[in-house]
Each structure stands twice: as structure tokens, then as C-alpha cells.
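Thanks for coming, everyone. Please bring up the model on the screen, and we will walk through it together.

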Amino acid sequence: MKPLKTFLYVALATALASCGQGQKSSSSVPVIGFVEAFPDQTIEQARIGFTDALKAKGYSEDQHTVKIEYGNAQGSQVTLTQIINNYISKPVDLLATSTTVSSLAAVQRTKTIPICEMVSPTPERMKVLDANGKAPANLFGVIEDLPYIDTSFSLIPKLLKPTMGKLKVGMIYNQAEPQSVDAMQRIKDQSDKLGITLIAVPLNSSADAKLVTQSLLDKNIDAFFANPDNVVFSAFETIKQSCDAKFVPIFTSEAGLVKRGAVAAFGADIYQWGYQAGLQAAQYLKTRKMDGLQPEMVKVRKRVYNKAAAAKYHITVPTNFQAI
Amino acid sequence: MSFYLSALIMGLCLSMLALGIFISMKIFNIPDITTDGSYTLGGAVTAVMFMHQQNILLVLLAVAASGAIAGALTGLIHTKLKINALLAGILVMTALYSVNLIIMQRSNIPLTDASKLLFGLIHISKTDDLNTLFIVLLFVIIATIKIGYLLKTDFGVAMRATGNSESMVRALGVNTDRMKIIGLALANALTALSGFLVTQFQLFADISMGIGVVIVGLGSVIIAETVINWLRITSVWGSLALVLGGAVIFQFVLAFTLAIGIDANYLKIVTAAFVLLIVSLPRITQRGRAA
């Protein structure tokens, strides 16, 4: 057992030694701490877009003009807090946060380090406005409000005729995400005006996706509206499989989900969302000032459709839609 | 070093939860799954009451009471309906998700005015984090002393003995069902207090904050038990102190893994490896001694 013991001590010693090294960072290269709350293929696009935008503006990791540290809390909020604390105490020059809970956790922990948020709702919707109704001064980035959902949802009656009577649309929403619940409320209000019967059921974990989707499909819905939230992102393939089996087309408001098999969408593209945030981050790194930087709306919204899915459901998509 | 300071605070905030798990482990020999729910419950009650500008003492009492009710429910389901303790915990934890949503009315609530919170009450140090550390340390010490005295009373001894040998304790004329219900109420009140502390530290409560947190508590207790067995500690005070230490160590391991800049994909496996290293150290050195 001697060698094992020695090995352990050596391992411990090296670990402690590297602990000290972690504190030092080379002074000239700006450091960005990128925070994600959970691993997800579609959400990851924001990070890729963010890095690409920085690269286009001359901040590339390959050329050592920027250092992007990446932390993913893998679904645990204890880890999320620690990741953010780690970046704050280094301190990094800029925090980049993807999805609501990361942005919120960062905003609540630092008032000095600039935060570039993406894939997050407006500060108002996140309830982080101060007494005067102002967003935190160190917060900028790219946000999304809800009205865009109107356009995505009103697509459905334009492209689809009901089998009988009123058009029935099913949707799921995640009670753990404010924007998902808000979106559902908004769609509910709108569906009355559009003459659509909306059946909305909560789905809070991707593990129940199959069952909940099946129960919706048993209510003979004409279409499925996949409101882009975390659960839909992670369980989309399950939802699509069940919908396909029942011949129910899926509509959404995010381009990435169209790529994964939804018929059509008018909405943000997560990659472009991250790219836009990356451009803002680059501006901050260049000027080192918050001047002119504030949370701004997503600029690139695309009308896209999935050729194979549209053909399968015999849906004729208007010409201003782009195939992906 | 301020990162390790915040990890220390986080560890102390979670040490209440570790104490809760420690107590439920003593009574049941299995961890109480209700923890995931009652931790969030503590956070939810804290956030909502602060949103309505309630007095901090009132918040503290409400948080402890709500956790205790949740724990007592698990205890009742387990003892009166004879449901397996694990399942009883899972059931209450699942139901608490809805309860928490109803309490919060939305999935997360940020706390906007920090001055009314626990950590804004007294200013011992000028630095924010150091001030937080002093207050949380004070809070944890007071709570631990209270729990320690409780565990040393006749009642506490009977409660601890229930986990060791239930039939023996019943033969001595102790109502073991009552012990279990009260013990679980106590454990979950402590867990809810963790939610209370963490919510004020991170300044928001979130419906998903409790997911997997039972693992954190369990990890801390196991680290502590390893040392307890290794050094053959029998005193209540020593055990409690080690449980607090275990919670801090668990957070330090996570902090350390983050600080050395491990690839995000390896985060959990490296954390697991470090914890394994810590709990297996006594075993390895012991065997080394024997050889």
C-alpha cells in the first residue's frame, strides 16, 4: 500500500500547488467568464455564436487575444452560484450568461463586473429593476420580449385548416421558467381572438415528456405549438416522435427547433442571439466602458420552415419563408 | 482568496441542511428525500415574505415552521400509513413542488432590497462577504448549540436510539412513531433554514434550487461520518462539528474543482473523485498501517 499512499500525497500536493496558480491570470488578455446553467445542444448555439462574434471582432482564443472560461452548472444551482462566485473573485473582465437563471444569479451577485446576458428575458420580466424602475447598471446583452410569439402563433391558422370545427392546438409549458409561463398566458389570450382552442399542460421535466405529449395527442389536437423553453429543447425528439406517429405538425418560434423537425417558425435564432451578444461584448472589451451598452432586443428574427416536414404534412409555406 | 470565502459561506449556509440529513440518518438510517422540497420551501417562504416586507424574525419562524410541517407530514405518512420512508419522502418532495409554485406564484423571485435581510442587519466588517461570513457563522453556531443540547436531553437520546435499534427502544416504552415524526420535523426545519440562508446569500429563490440538494447534504454527512468512525468520536458536539465541517469541505471540493479550471464536462466526475479521495483516505492509511 506504500506506493498508493505516496501517490495520494503527491496528488494532494500537486492539487494544492495548482490551486495557487489558478489565482494568477496574465494581465493583458481580457478574461470572459461564460456561464451556462445546464448542458443543452440548442442553447449551446448561443455560446458558439458569442465566440464567433468575438472572433470576427478580433478577440480570438486561438490568437490569445481573449480568454473565455466556460462553466456549466449541469443543472445544480449550488454549482451555479459557485461558478459565478469563482468568476467574480478572480475577477474576470466580463461575465457572459446564457439563459435566465444564470443571468439572474449573476445580476444578484455583482454590481460592478459587467454582465452580458443572452437567451434571457427583459430585466423587467426578470424582476431585477430597482426602485426607480431602472435595470442594473452593469447589465447589457441581448434579450427577448414576448410579442414575437404572437406572430409565430398566428402562423398556425394561416397554414392549417381544422379537421372539424375550431382549430385545436396543444402546447406544453415549463412552470419552472417565468418566460415559459408568461408565454403560455399570452398565447392563451391570443388564441381566443384567433378562434383557436388551446390546450396547455405543464411539463416540468423532460422525463415526463413522452407521457404528457401522448395525453395531449389523445385530445385530438390539429397542431402542436412547441414553446421554446428548456424542457422542450431537451425533449424535442420525444415530442416530435409522438406527434409524427399521430400525424400532428409542430410549430414553434425558434429556428433551431425547425432544424430539428418542426414545420415552421418565426422567431429568434439562438446562434444569432449569441452572435449579437458577442458583438456587444466585443464593444465593451474595446472601450472598457458601459457607454451605449444596455440590454437590447434580438435583432435577427427569421421566417423559416423545414422542407421535409412541410412536405410530409402537405403544408404550403408562404414564399417569404426560408428553407433550412 | 475571496472565492474560497464565498465557498465557505455557501458551505455554512448548507451546513444546516447537512445537520438535517444527519438527524434523519440517525433516525432512519436512510436520508430523507423530503429535503429537496423543504429546502426550496424555505427559500420560497423567505422570498415571498421579504417581498411583502415582513420582519426577519417572523420570516425565520415561518420558514422553520413550514419546514417542520413538511417533515412531520413525511413522518406521518411513514409511521401511520406504513409507507416506506424513502417513498414517503419522495411523495412529500413531489407535492412540495406544487406548493412552492403556489407560494411563489412564479418560478423565481429576486430579492431587491438587501438591507432588510439577515446579512444586512449588523455590520461587523466593512467587506460585504466577510460581514456575511460572520453573521452566517453566528447563526450556524447558535443553531448547532441548540441542536446539540436537544440531542443530549433524554428525549434526544431516545430519538437517536430509535435509529440504532427500534425494537429495543420500543421495549423501553418509548413511542418510536412520535420520535420519528418529531425528528423528521426537526430535520426539515433545519433544511428549510438552509434555504432561508442560501436565498439571502444568492439574493433569489428559484423553483429548481432544491434539485439534487439532498446529495449535497448526504455527501457532507458521509464525509463527516468517515472522520467520526476513523477517530472513533462518540461525543455529540464532535459529531455535529464534523458535520458542519463536512458541508464546508464538500463546497470547497466543488470550489477547488472550479478554480483549477476543469473542462465543464468533467466537473462532476472530478468532484466525485475528490470526494472519493477524501472518504477513502482513512481506509487506505489504516490498511497501510496493518501491512
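Start with two helices of chain B, α1 (residues 2-28) and α6 (residues 128-152). Their axes come within 10 Å and cross at roughly 25 degrees. That makes α1(B) roughly parallel to α6(B). Angles under 35 degrees count as roughly parallel, over 145 as roughly antiparallel, 65 to 115 as roughly perpendicular, and the rest as oblique. The axes are lines fitted to C-alpha atoms, for helices over the stretch in contact, and angles run from 0 to 180 degrees between N-to-C directions. Helices (H or I, at least four residues) and strands (E, at least two) are DSSP runs, numbered from the N terminus.

The crossing of α1(B) and α6(B) is left-handed. Left-handed means the near helix is turned anticlockwise from the far one by less than a right angle; clockwise would be right-handed. On the α1(B) side, the contact residues include Leu5(B), Leu12(B) and Leu19(B). On the α6(B) side, Leu133(B), Val140(B) and Ile147(B) are among them. Contact means C-beta atoms, placed from the backbone, within 7 Å. By class, this contact has 13 nonpolar, 5 polar and 1 charged residues. Ala, Val, Leu, Ile, Met, Phe, Trp, Tyr, Cys and Pro count as nonpolar, Asp, Glu, Lys and Arg as charged, and the others, Gly among them, as polar.

A word on provenance. This is a predicted model: local features need pLDDT of at least 70, side-chain atom pairs count only at pLDDT 80 or more, and totals for chains, interfaces and linings use all residues. Residues are numbered from 1 along each chain as its sequence is written, while chains are lettered from A and ligands numbered from 1 in the order in which they are written.

Now chain B as a whole. It has 12 helices and 2 strands. Its radius of gyration is 19 Å, close to the 19 Å that the globule rule gives for 291 residues, so chain B is as compact as a globular protein of that length. The radius is taken over C-alpha atoms, and the rule is 2.2 Å times the number of residues to the power 0.38. The C-alpha trace of chain B spans about 55 × 50 × 35 Å along its principal axes. Buried residues make up 50% of chain B. Buried means 20 or more other C-beta atoms within 10 Å of the residue's own, exposed means 12 or fewer, and partly exposed is in between, with C-beta atoms placed from the backbone.

One loop residue there: Asp113(B), between β1 (108-110) and α5 (118-121). Asp113(B) is partly exposed, with 13 other C-beta atoms within 10 Å. Its C-alpha is 9.5 Å from that of Gln53(B), 60 residues apart along the chain.

On to chain A. Here we have 12 helices and 13 strands. The C-alpha atoms fill a box of roughly 75 × 60 × 40 Å along the principal axes. Of the 324 residues in chain A, 51% are buried.

Look at Ser206(A), in the loop between β7 (196-202) and α8 (209-217). Ser206(A) is partly exposed, with 17 other C-beta atoms within 10 Å. Beyond four places away in sequence, Ser206(A) touches Val231(A), Ser234(A) and Ala235(A).

Last, where do the chains meet? The contact takes 37 residues from chain A and 38 from chain B. On the chain A side, α3(A) gives the largest share, 9 residues. That side has 14 nonpolar, 16 polar and 7 charged residues.

Key. Two residues are in contact if their C-beta atoms, placed from the backbone, lie within 7 Å.
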